[in-house]
Amino acid sequence: MASSAVFKLESLLEARKLDRTLAREPASPPPVQPTGIASLDAVLEGGWRQGEVSEVVGPRSSGRTSLLVATMASATAGGGIVGLVDTVDRFDPAGAARAGVDLDRVLWVRGPQIGVEQARATLVDRAVHQALRAVDLLVRAGGFTVVAFDVADIPPRYLRGLPHTTWMRLAHVNAGQPTVCLLVGEAAIGRSARGATVELDAAGRWTGTSPQSRRLTGFNIRARMREARHAVDVGPFEL
Amino acid sequence: MFCCLVLETPASPPGALADVARACSPRVELIGDRVAVFDARGLGRVLGPRDDIVLAVRRLAVERGVPIRVAIAPTATAAQILAHAGTKEIKDTGSLFLKCLFSETDSRCLDDTLDIFRRWGLRTCGDIARLPRADVAARLGAWGIALHQAACGEDTGPLVPMQEARRFLERIDLEWPIEGLEPLAFVLARLCDGHALALERADRGAVTVTTRLTLVTRTVHERVLHVPAPMRDARVLRTLIVLDLESHPPAAGIDAVEIELGVVPGRIAQGSLLTRTLPTPETLTTLIARLGALMGESRVGAPSLVDSHDARAVAMTRFAPGDAEPRNEPRHSGTCLRRLRFPLAAVVTTEHGAPIAVTPSARSLPGGAVIDRAGPWRSSGRWWTDDRRQWDRDDWDVELNHGARLRLSRDRATGQWAVAGIFD
């Protein structure tokens with residue numbers, strides 16, 4: 001009797017596409033998109049889960065963009081295409097190309113060129129809303145391996161001002177698609193139920209001893225991966 | 001009765017020869033770019049005997065500025081040979097003109113066979129035609145028969161008239177002027193549905209969409225859309241037109257709507273099991289049009305590298321990813337820069353020219369003491385021009401005490417410092 005009631009309830013949830021809240025094991029491991037960083041992929045069980053909204057968060061200079069670019073490089077190397085919504089136009093194509101991104105396979109959606117550090121709140125707010133609509137269009141279009149929403153320079157207060165349903169709706173649109181929706185921000189924004197949040201912190205990797213030979217060659221990154229039920233420390237790894 | 005036109009100079013405008021032939025007869029076959037054959041039966045009743053027909057065709061061609069050679073004969077093959085020879089009657093070495101009937105890929109076999117005829121002392125078409133065909137076939141095989149048929153002026157197949165190029169044009173004259181895009185979208189939907197059906201039947205896809213709106217001011221608002229891949233989906237076409245008109249709206253009410261399509265043969269797509277499935281061209285085109293309407297047309301595309309020493313230079317190209325095999329290239333690690341397109345002014349304290357403390361002009365980007373630095377990297381360019389794109393600066397990579405890693409740049413002309421990017 002109880003099992004038929006459970007079955008009925010599960011069927012109802014499935015019909016309304018709310019079955020992801022059920023605590024049953026999936027039949028097969030979900031498809032993933034590797035990040036391109038072995039230690040992080042190991043913790044993420046292969047990479048970012050497709051059909052989910054995941055996040056890369058951390059303070060300024062913590063390696064968020066480097067991880068995003070590594071994911072883009074991995075996706076384009078696999079023959080996929082990437083949609084990048086660059087909220088305030090901060091993407092550096094030359095650096096991405098050096099990191100192995102196939103630029104021909106990146107759809108770059110550039111937001112307004114505003115100095116977000118000095119811009120009026122209304123301008124930033126408008127840029128965020130525009131970018132969010134662009135993300136929605138990209139995810140709905142389907143066929144993208146990764147859709148990245150880069151709000152790394154947007155102060156969290158602007159994102160907190162968005163309706164809470166925004167992220168649920170985005171997760172709902174992306175559910176079941178072979179697309180990784182990746183949010184890059186300063187603080188956790190709106191990961192989906194089975195998505196992961198990767199918190200980063202980095203130290204600069206400097207080489208050279210003399211002033212002439214000194215170089216900033218990369219980051220030594222420490223990461224903490226959070227999912228719905230557990231959190232794991234990762235690293236350090238180099239980017 | 002067939003008439004053949006041969007273009008004398010290849011520099012004539014494309015389609016001119018076909019136009020001349022079409023003006024004479026509806027049954028026209030184009031053979032390559034230089035030859036047209038048309039069915040001249042019945043022209044005698046209008047123009048008179050053969051010579052008059054030839055004169056009339058030649059006059060028409062002269063009027064249209066198309067230099068041609070014309071010949072008329074009972075068969076298309078004979079007309080072609082005569083037109084290439086440029087005479088009424090082929091005499092000595094006329095057999096050489098038989099080559100005009102065959103493609104260039106067959107020229108070697110033809111030359112060999114004609115050489116044999118020459119060695120046999122046969123120089124004219126008549127000489128070859130007088131041979132018994134069975135004997136020619138026994139000695140020279142298929143090529144011998146083909147040349148013998150041609151020498152006899154026999155057609156090996158019927159004339160295949162080409163279809164007249166069809167215009168894909170739909171127009172609606174409205175009873176009342178409409179204003180605004182919403183009511184216009186319904187009209188466009190009707191026109192696009194008709195177009196989609198016509199394209200489907202003709203196995204064609206639209207590559208250009210020309211929208212002409214006749215306005216109440218008696219002016220015509222014309223927009224031309226170039227579609228990256230041939231498409232015939234009515235909804236996609238309508239969406240593209242509406243999005244384009246949203247960006248470029250007409251200045252007044254609309255009296256008449258006309259949509260004309262430029263078409264090419266339909267697209268045949270073959271998927272691969274080994275490559276990832278990409279969005280269809282229709283989906284991508286609609287998506288880019290929607291994104292363009294949202295963000296601005298110039299703000300959507302694929303990033304591309306600029307051949308410049310100016311690290312700030314960026315460019316975009318049309319996003320058109322093709323199928324790609326997965327590759328396993330080694331990834332190059334390195335710092336990624338978040339580039340400030342408008343560098344943020346900063347006050348920088350220096351010691352022996354090197355930055356030791358930074359205070360950006362924005363409070364949201366905290367300053368601090370420099371704990372590590374690299375530089376300066378000097379670059380300059382476009383100093384030979386007067387435009388605003390010239391630059392001359394020293395770049396420094398610095399790490400501040402609170403962990404931020406910045407790229408600073410110092411304009412050498414003004415001495416001003418700015419934050420050009422943030423390493424992240």
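**Notebook: chains A and B**

I started with the barrel in chain B: six strands close in the order S11-S12-S13-S14-S15-S16, with antiparallel pairing. Neighbouring strands of this sheet are turned by 45 degrees against each other on average, direction ignored. For such angles, axes are lines fitted to C-alpha atoms, for helices over the stretch in contact, and angles run from 0 to 180 degrees between N-to-C directions. Strands here are DSSP runs (E, at least two residues), helices likewise (H or I, at least four), numbered from the N terminus. Two strands pair if DSSP finds at least two bridges between them.

I noted the ground rules. This is a predicted model, where local features need pLDDT of at least 70, side-chain atom pairs count only at pLDDT 80 or more, and totals for chains, interfaces and linings use all residues. Residues are numbered from 1 along each chain as its sequence is written, chains are lettered from A and ligands numbered from 1 in written order, and side-chain values use heavy atoms, without hydrogens and water.

I looked up S13(B) (368-381) and S14(B) (391-400); nine bridges join them, antiparallel. Asp372(B) faces Glu399(B) in S14(B).

Next came S6(B) (204-215) and S7(B) (220-231), antiparallel over eight bridges. Thr214(B) is opposite Val220(B).

**The A-B contact**

How many residues does each chain give? I found 70 from chain A and 63 from chain B, with contact meaning heavy atoms within 4.5 Å. About 5700 Å² is buried between the chains, and carbon and sulfur atoms give 57% of that. Buried area is the accessible area (1.4 Å probe) that two parts lose on being put together, summed over both. On the chain A side, Arg60(A), Arg110(A) and Trp206(A) lose the most area to chain B, together 12% of what that side buries.

I counted seven salt bridges between the chains, each a side-chain nitrogen of Lys or Arg within 4 Å of a carboxyl oxygen of Asp or Glu. One links Asp89(A) and Arg299(B), with the closest N and O atoms 3.0 Å apart.

Which elements of chain A supply at least two residues each to the side touching chain B? I listed H3 (64-77), H4 (93-98), S5 (106-110), H5 (121-141), S8 (197-207) and S9 (215-226). H3(A) gives the largest share, eight residues.

S5(A) pairs with S9(B) (300-304), antiparallel, over two bridges. Val109(A) has Val300(B) as its bridge partner.
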